[in-house]
Amino acid sequence: MIDKPVVIGVAGGSGSGKTSVTRAICQRFSDKSILVIEQDYYYKNQDHLPYEERLETNYDHPLAFDNDLLLRHIHDLLNQKPINKPVYDYALHTRSNQVIKVEPKEVIILEGILILEDQRLLDLMDIKVFVDTDADVRIIRRLMRDIKERGRSIDSVIDQYINVVRPMHLQFVEPTKRYADIIIPEGGENHVAIDLMAAKIQTIINKLTF
Ligand code: CTP
């Protein structure tokens, strides 16, 4: 029997399909069962920095994230307390003034490029997943997404990828694959992997005692 929410970490490089894997898993359960916490929402607050300086931040380095706050929030959720989840503004490169009040649920999915990088987070996870997608596919997805959804230019996306995203991926993201229990090639289109994950989660939910 399990008496606390189950924590699942979903890591993988930028554009690997973490969001689609997480969404595909969530679609198999009711909204009441699964809570998703995006590590991106826990980028450090940069309100104190001028906009130009925020552009210089390395957003692919472990130190860019406020993991202390994330950890406090996970502990609260595990203790059945609601949290005020921060909201991140990609256009302003800082936290927005809003927060979202979030209630604890049976399953908590933590999703982010470096979610398997911090030992304190690993210690709280029951299942660790790494979404493994080839770099050419990841850069194409990122290019399309950043232009459409994050207001970036082609040049800025390519420049950031070559100078920051790629080296940080090789140094910090890729090595965390070794901590994964499950490696999912090709993200959300891997229906076999999603079915296996969903079956495992259902087995765990059936054992919950709260
Ligand atoms: N990032 C950025 N500017 C910011 C903050 C973050 O460009 N102000 C970028 C970082 O460079 C990092 C990426 O956001 O590489 C993290 O988001 P990503 O993993 O690409 O998006 P998800 O939708 O979470 O993941 P996936 O594409 O795998 O679904």
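In the predicted model, the largest pocket is the space taken by the ligand. Two elements each contribute two or more residues to the shell around the ligand, namely helix 1 (18–27) and helix 5 (135–149). The shell comprises 21 residues, of which S14, D60, H93, R142 and R145 come nearest to the ligand. By residue class, the shell consists of eight charged, eight polar and five nonpolar residues.

In the side chain of S14, an N or O atom is 2.6 Å from a ligand oxygen. A polar side-chain atom of R152 lies 2.9 Å from an oxygen atom of the ligand, and a polar backbone atom of G17 is 2.9 Å from a ligand oxygen. On its own, the ligand has 620 Å² of accessible area, and the protein covers 94% of this area.

Aromatic pairs were also examined. A pair of aromatic rings is described by the distance of the centres and the angle of the planes. The count comes to four aromatic pairs, and one of them is formed by Y43 and Y59. The ring centres of Y43 and Y59 are 5.4 Å apart and the ring planes stand at 90°; because planes over 60 degrees apart count as edge-to-face, the pair is assigned to that class.

Terms used
Residues are numbered from 1 along each chain as its sequence is written. This is a predicted model: local features need pLDDT of at least 70, side-chain atom pairs count only at pLDDT 80 or more; totals for chains, interfaces and linings use all residues. Side-chain values use heavy atoms; hydrogens and water are left out. A residue is near a molecule or strand if one of its heavy atoms lies within 4 Å of it. A polar contact is a pair of N or O atoms within 3.5 Å; within protein, one must be able to donate a hydrogen and the other to accept it, and residues adjacent in sequence count only if both atoms are side-chain atoms. Accessible areas come from the Shrake-Rupley method with a 1.4 Å probe; for residues, only the protein chains shown count as cover. On a 1 Å grid over the protein atoms alone, a cavity is a set of points where a 1.4 Å probe fits but cannot get out, and a pocket is an open set with protein on both sides within 12 Å along at least five of seven lines; lining residues have an atom within 4 Å of a point. A molecule sits in a cavity or pocket if more than half of its atoms lie within 2 Å of its grid points. Helices (H or I, at least four residues) and strands (E, at least two) are DSSP runs, numbered from the N terminus. Ala, Val, Leu, Ile, Met, Phe, Trp, Tyr, Cys and Pro count as nonpolar, Asp, Glu, Lys and Arg as charged, and the others, Gly among them, as polar. Rings of Phe, Tyr and Trp (its six-membered ring) pair if their centres lie within 6.5 Å; planes under 30 degrees apart count as stacked, over 60 as edge-to-face and the rest as tilted.
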